[in-house]
Amino acid sequence: MSARETALRVLSSCRVGGAWADAALKAQLSRDGLSGPEASLCSRIVYGVTQNRLLLDFYLSAYCSQKPDHLQPPLLDILRIGAYQILFLDKVPDSAAVNTSVELAKTAGRSQAAGLVNAVLRKISQNKTTLPAIPERDEAKYLSIRYSHPKWLVKRLLTMLGREEAERFLAANNDQTLTAAQVNPLRGTAEALMEALEAQGVKAEAHPWLTDCLLLSGTGDLERLKPFQEGRFYIQDPAARLTVMALDVKPGDQVLDVCAAPGGKSFAAAVAMKNQGRILACDIHENKLKRIRDGAERLGLTCIEITAADGRVCCPEWTERFDAVLVDAPCSGLGIIRKKPDVRYKKAEELFSLPVVQHDVLDNAAAYVRPGGLLVYSTCTILPEENSQTADAFLAEHPDFSRETFSLPSVGQVPGEITLWPQRHGTDGFYICRMRRQARKL
């Protein structure tokens with residue numbers, strides 16, 4: 001199986017079955033037995049096509065007699081794969097991109113369209129230095145096509161950030177990012193881990209401002225690396241770890257992670273607590289709990305307990321039992337587009353109900369915080385209605401809670417809440433709000 005055939009299968013499963021690109025890619029690579037350079041090329045094509053879909057369709061429409069949305073879906077995917085290689089992958093000869101795309105059409109049962117694929121891709125190759133300009137008279141439409149983000153989201157960003165920074169955010173979402181590995185100090189030092197990773201051909205460098213964090217490249221399948229199997233690190237964006245820093249946990253604390261899957265924040269809290277105390281990690285989806293359980297076992301984190309629970313339903317036995325409660329609420333995910341490129345194509349109406357869910361989870365979790373304890377609300381999105389507006393509504397209904405200033409590496413003092421941005425902080429887009437419950441008066 002070739003990289004391009006596997007890429008076509010992944011893109012088809014995302015389109016037909018609504019699968020997320022990262023999960024579909026991992027599963028298909030395993031099924032097709034791809035590894036090494038072929039797996040790397042396949043991954044690059046899948047993510048690249050997904051990141052640049054609107055832009056690729058704009059150029060395809062200039063050289064194809066049919067509009068992209070009128071083409072049969074497999075044929076459109078094949079044209080996108082070919083166009084992406086021609087326009088973005090310098091190491092792939094244009095002739096190879098054209099010829100392999102023609103062969104893809106034949107193997108995909110579209111032999112009658114092989115001539116069209118050949119003609120369109122050859123035109124793109126011949127004109128790639130003089131491609132048609134994207135009209136700029138409509139600012140939102142231009143940015144939408146140029147960076148392949150839906151127009152509704154671009155409009156929101158222009159209102160929130162202005163033209164210059166909105167464009168920086170959009171560009172950051174299409175950048176390739178290094179993998180952030182958080183060191184498990186229970187299993188060794190950052191220096192020792194770096195040596196072990198480099199011995200396996202992985203390039204590792206210290207994060208510029210976050211301790212015990214390494215930035216990795218050339219990893220291949222992370223789960224096959226011996227240091228990973230030995231529980232010497234876990235994967236987590238710095239923004240997520242900063243969220244746990246805002247929780248300010250200490251050895252011996254009682255901690256509740258309300259929406260814990262896939263477990264990274266529970267792991268970070270356990271490490272900060274030196275594996276002393278108790279972390280109750282919950283999630284409504286029982287099938288996701290296995291990932292937390294397996295991860296905790298691999299890392300040797302014995303202070304984590306795992307249970308299935310709906311964050312919106314009260315558990316009376318947990319009332320006022322926890323020193324710190326983390327609500328990393330279900331959200332639109334618009335802050336992690338650079339990691340999950342297909343998130344950008346969500347429709348605006350799909351997001352309307354999220355603030356209601358977020359409010360209900362936060363409202364329920366508040367009862368579990370002991371007097372004087374901490375409640376941290378976080379999301380991996382950048383929309384104010386899911387972030388500060390949800391926190392404001394909660395605080396208006398809970399006068400015994402108030403925002404509390406805290407400090408974060410690189411950021412400094414935070415006046416109770418912060419939105420992290422990839423173009424500003426080099427992290428995922430993330431919202432963190434720290435709230436203290438009033439101590440009971442004697």
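**View 1. Trp-318, Phe-322 and Tyr-368 make up one aromatic cluster.** This is a predicted model, where local features need pLDDT of at least 70, side-chain atom pairs count only at pLDDT 80 or more, and totals for chains, interfaces and linings use all residues. Residues are numbered from 1 along each chain as its sequence is written, and side-chain values use heavy atoms, with hydrogens and water left out. Rings of Phe, Tyr and Trp (its six-membered ring) pair up if their centres lie within 6.5 Å; planes under 30 degrees apart are called stacked, over 60 edge-to-face, and the rest tilted. By this rule, the count is 9 aromatic pairs. Take Trp-318 and Tyr-368: their ring centres are 5.4 Å apart and their planes sit at 75°, so this pair is edge-to-face. Trp-318 is in the loop between strand 7 (304-308) and strand 8, while Tyr-368 is in the loop between helix 16 and strand 9, so the pair ties together parts 50 residues apart in sequence. (Helices, H or I with at least four residues, and strands, E with at least two, are DSSP runs numbered from the N terminus.)

**View 2. Are Trp-318 and Tyr-368 buried or exposed?** Buried means under 20% relative accessible area, exposed means over 50%, and partly exposed is in between (1.4 Å probe, protein chains only). Trp-318 has a relative accessible area of 12%, so Trp-318 is buried. Tyr-368 comes in at 2%, so Tyr-368 is buried too.

**View 3. Here is helix 16, residues 354-365.** Its 12 residues should span 16 Å at 1.5 Å a residue, and the end C-alpha atoms are 17 Å apart, which agrees. (The expected span is 1.5 Å times one less than the number of residues.) Which residues of helix 16 are buried? They are Leu-354, Gln-358, Val-361, Leu-362, Asn-364 and Ala-365. Look down the helix axis and these buried residues fall within an arc of 165°, so they line one face of helix 16. (That arc is taken from the directions from the helix axis to the C-beta atoms.) The buried residues pack against strand 8 (322-328), strand 9 (369-379), helix 17 (388-397) and strand 14 (430-437); contact here means heavy atoms within 4.5 Å.

**View 4. Two arginines lie over ring faces.** Arg-53 lies over the face of Tyr-345, 3.7 Å from the ring centre. Arg-298 does likewise with Phe-228, at 3.7 Å from the ring centre. The rule: NZ of Lys or CZ of Arg must be within 6 Å of the ring centre and within 35 degrees of the ring normal.

Key
The expected span of a helix is 1.5 Å times one less than its number of residues.
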